[in-house]
Amino acid sequence: MQFPHPDSRILPANIKCVNPPLHNSKSDEQERIVGSLVGLAIGDALGASVEFRPRQYLLDHPISDMQGGGTWGLDAGQWTDDTSMALCLASSLITQHQFNPYDQMVRYKWWYKKGFLSSTGQCFDIGSTTRSSLEKFCERQNILKQYYKNAKEEVIDNLPLEDVRRVQNFNECCGEAGEAGNGPLMRLAPVPLFYFRQPDIAVQLAGESARLTHGDVKAVDACRYYAALIVAAISGEPKKDLLHEQFYESHRKWFGSEPLHPDVVRVAQGSYKKQGGYNEGIRGKNYIINTLEAALWAFWSDENSFENGALNAVNLGDDTDTTAAVYGQLAGAYYGASAILRHWGKKLYAVNLLVCTAEWLYYEGSRIQSNRNQQQQQKQRMPNPQSSTHQPSTTTKPVDRMGYNTQNAKNTRPDPSKLPAAGMPSGGFKYD
Ligand SMILES: [Mg+2]
């Protein structure tokens, strides 16, 4: 599978999809992973035409199907920034075979500046915090350009992570304290879909992915908690356990040494279980705690129907597409792809790309796991250096627990002769 060059302006529906080498019989995990990414996009598309409409508007004109027009003048089934950013994140994980935060920001920038992976070919819907973080990132890339002798933007965009890490005063994390919008939650799913086999890493990296654009601990922790729910759903945990007020406590080891923010814990303990929904304070607003609560309320009250839950999320009003996209990530993982595609698959824009991308996340995530297993086996087989003259194998690149390639990640100035030549990207756009 090859994601297009950002300058090619190829629309998502025209991207050629090549399926990964998976077995023909689909596993339950694969079903759920596809369900999560497709669920995100379906929720986004359902809410797109009424984004920003208040609750009263939705009471007067309730949404019952995908429809065009409205806020953005899209066709029925087309999706907005939630799905575009999720696809940027997914394309980074698949292309880089690891969590590369710099590359993720580059892809978000491509979407913002060039309409990369947008359903219309342009960035038409962007949150203010995400926008200011991406502007800051563009500014900061000048530090890299200077360090690498005024290299062209394309070269800087394609720098390998170890070359970015050499530049000590550069930091791709552009979020700041107090930024607690729902931007990182709407695009989250690819991280748990890629890393579900290592729940603690999935939770940690979900937080890292949020911090790139939104620095408030509530935004980071809402993403950590939601990633844990998605991982648990992929693993087949029943709904009553996902929604159990002890979920956080019973999965506490996934969260490492950093406890969740009390506002997120309050949600995890069931603050969303309000029979009256909107009338009891459930809101589809931009604040991430509101979004988390509203998405979980929709899941809790959906009577085991994805359609019910997605429509109820949209019909809360306000940030309709994002509330439903967040609902769709978890509910899609829980109900599985077949159940949700049956109803809305035909109308969803670029559905083949979404399915194919999810399958690649599943496949590439399994390769990370098997590489890690091989390294562990190698380690166990390695003789004790104190009692032997054998040298450790150098054929496998060292990879740390989070999947970062740590080889050459030293803070030393690189040999200029090894710098990527102008116009010759050293990374990206390479696929197996
Ligand atoms: Mg949106």
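Me: Which residues does the UniProt annotation "binding site" cover?

Reply: The unreviewed UniProt entry lists Thr80, Asp81, Asp82, Asp319, Asp321 and Thr322 under "binding site". That label comes from the record. The coordinates come from a predicted model.

Me: Take Asp321. Where is its place, and is Asp321 buried or exposed?

Reply: Asp321 sits in helix α17, which covers residues 320–335. For burial, count C-beta neighbours; 20 or more within 10 Å means buried. Asp321 has 29 inside 10 Å, so it counts as buried.

Me: Which residues is Asp321 in contact with, leaving aside neighbours within four places in sequence?

Reply: Asp321 contacts Gly43, Asp44, Gly47, Ala48, Glu51, Thr80 and Asp82. Thr80 and Asp82 are also among the annotated positions.

Me: And Thr322: which helix is it found in, and what does Thr322 touch?

Reply: Thr322 is in helix α17 too. With 33 C-beta neighbours inside 10 Å, Thr322 is classed as buried. Beyond four places in sequence, Thr322 touches Asp82, Asn182, Met186 and Thr291.

Me: Now the whole chain. How many helices and strands are there?

Reply: The protein chain has 19 helices and 0 strands. Of its 432 residues, 51% count as buried. Then look at contacts along the sequence. Among contacts with a separation of 6 or more, 75% join residues 24 or more positions apart.

Me: How many residues are in the largest nonpolar core, and which have the most contacts inside it?

Reply: The largest nonpolar core holds 128 residues, and Val38 and Ala227 have the most contacts inside it. Helix α11, residues 217–234, gives the most to this core, with 14 residues.

Me: What is Val38 in contact with, apart from neighbours within four places in sequence?

Reply: Val38 contacts Gly332, Ala337, Ile340, Leu341, Leu354, Val355 and Ala358.

Me: How do I read two packed helices?

Reply: Two packed helices are described by the angle between their axes and the distance between the axes. Start with α14 (residues 262–271) and α15 (residues 288–300). They pack at about 15°, with axes 10 Å apart. That makes α14 roughly parallel to α15. Their crossing is right-handed.

Me: Which residues of α14 and α15 meet?

Reply: From α14, Asp263, Val267 and Ser271. From α15, Ile289, Leu292, Glu293 and Leu296.

Me: Now α4 and α5. At roughly what angle do their axes cross?

Reply: The axes of α4 (residues 101–114) and α5 (residues 128–147) cross at roughly 110° and come within 10 Å. α4 and α5 are therefore roughly perpendicular. This crossing is left-handed. Met105, Tyr108, Lys109 and Tyr112 of α4 make the contact with Leu134, Phe137 and Cys138 of α5.

Me: What should I look for in phi?

Reply: Most residues other than glycine have a negative phi. Glu303 has a positive value, near 50°. Asp318 also has a positive phi, about 70°, although it is not a glycine.

Me: Where do Glu303 and Asp318 lie, and is each buried or exposed?

Reply: Glu303 is in the loop between α15 and α16, the latter covering 306–314. Glu303 has 7 C-beta neighbours inside 10 Å, so it is exposed. Asp318 is in the loop between α16 and α17. Asp318 has 22 such neighbours inside 10 Å, so it counts as buried.

Me: How far apart are the C-alpha atoms of Pro199 and Ile230?

Reply: They are separated by 9.8 Å, while Pro199 and Ile230 are 31 residues apart along the chain.

Terms used
Residues are numbered from 1 along each chain as its sequence is written. This is a predicted model: local features need pLDDT of at least 70, side-chain atom pairs count only at pLDDT 80 or more; totals for chains, interfaces and linings use all residues. UniProt positions are given in the numbering used here, feature names are shortened, and annotations may be inferred rather than shown by experiment. Helices (H or I, at least four residues) and strands (E, at least two) are DSSP runs, numbered from the N terminus. A residue is buried if 20 or more other C-beta atoms lie within 10 Å of its own, exposed if 12 or fewer, and partly exposed in between; C-beta atoms are placed from the backbone. Two residues are in contact if their C-beta atoms, placed from the backbone, lie within 7 Å. A nonpolar core is a set of buried Ala, Val, Leu, Ile, Met, Phe, Trp, Tyr and Cys residues joined through C-beta atoms within 7 Å. Axes are lines fitted to C-alpha atoms, for helices over the stretch in contact, and angles run from 0 to 180 degrees between N-to-C directions. Angles under 35 degrees count as roughly parallel, over 145 as roughly antiparallel, 65 to 115 as roughly perpendicular and the rest as oblique. A crossing is left-handed if the near helix is turned anticlockwise from the far one by less than a right angle, and right-handed if clockwise.
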